[in-house]
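Biologist: Hi! Could you walk me through this model?

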Amino acid sequence: VVQLLSAGVYPATVHRVLRPKQAVGRLSLPYFWNPSLDAEIEALDLQQPVANLRGRPPASENKMMLSYGMNAFKSLARSHPKVFARHHPDLTCLADGSVVYKE
């Protein structure tokens with residue numbers, strides 16, 4: 001949501017779970033909060049320029065959609081391409097992250 005509010009200036013954290021290298025127990029309690037999928041998040045007018053953030057993809061590779069749900073759908077299409085292709089054979093994910101109908 002902060003990524004949408006900031007028009008991509010502050011990107012969402014990539015989160016990965018890594019298995020411990022040694023045989024030790026691990027307990028994880030994730031908590032995810034998301035708005036309604038049809039919620040439209042308008043970007044804030046940031047008055048101060050923000051320093052270049054390392055690892056941030058250029059806008060040409062990560063188009064920010066107004067709808068929270070379309071951004072979530074874009075994330076699914078990119079992070080699980082085989083699942084996306086199996087369940088949405090009529091759609092494709094473009095280089096900028098836009099999900100569109102195949103021609």
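Biologist: Where does Gly97 lie?

Modeller: Gly97 lies in the loop between strand 1 (91–93) and strand 2 (99–101). Helices (H or I, at least four residues) and strands (E, at least two) are DSSP runs, numbered from the N terminus. Before we go on, this is a predicted model: local features need pLDDT of at least 70, side-chain atom pairs count only at pLDDT 80 or more, and totals for chains, interfaces and linings use all residues. Residues are numbered from 1 along each chain as its sequence is written, and side-chain values use heavy atoms, with hydrogens and water left out.

Biologist: Thanks! Is Gly97 buried or exposed?

Modeller: Gly97 counts as buried because its relative accessibility is 0%. Buried means under 20% relative accessible area, exposed over 50%, and partly exposed in between (1.4 Å probe, protein chains only).

Biologist: And what is Gly97 in contact with, leaving aside its neighbours within four places in sequence?

Modeller: Gly97 is in contact with Glu61, Met65, Lys74 and Arg78, where contact means heavy atoms within 4.5 Å. Take Arg78: Gly97 and Arg78 are 19 residues apart in sequence, and their C-alpha atoms are 7.6 Å apart in space.

Biologist: What about Ser98, where is its place?

Modeller: Ser98 is in the loop between strand 1 and strand 2. Ser98 counts as buried because its relative accessibility is 10%. Not counting residues up to four places away in sequence, Ser98 touches Lys63, Met65, Thr92 and Cys93.

Biologist: Switching to helix 2, which of its residues are buried?

Modeller: They are Tyr68, Gly69, Asn71, Lys74 and Ala77. These buried residues of helix 2 pack against helix 1, helix 3 (81–87), strand 1 and strand 2.

Biologist: How does the span of helix 2 work out, end to end?

Modeller: Helix 2 has 12 residues, so at 1.5 Å a residue it should span 16 Å, and its end C-alpha atoms are 17 Å apart, which agrees. The expected span is 1.5 Å times one less than the number of residues.

Biologist: What reaches the backbone nitrogen of Gly69 at the start of helix 2?

Modeller: A side-chain oxygen of Ser67 does, to within 3.2 Å.

Biologist: Last topic: where is Leu44, and is Leu44 buried or exposed?

Modeller: Leu44 lies in the loop between helix 1 (2–5) and helix 2 (68–79). Leu44 is exposed because its relative accessible area is 53%.

Biologist: And Ser28, where does that lie?

Modeller: Ser28 also lies in the loop between helix 1 and helix 2. Ser28 is partly exposed, as its relative accessible area is 38%.

Conventions:
Polar contact = N/O pair within 3.5 Å; in protein donor to acceptor, adjacent residues only side chain to side chain.
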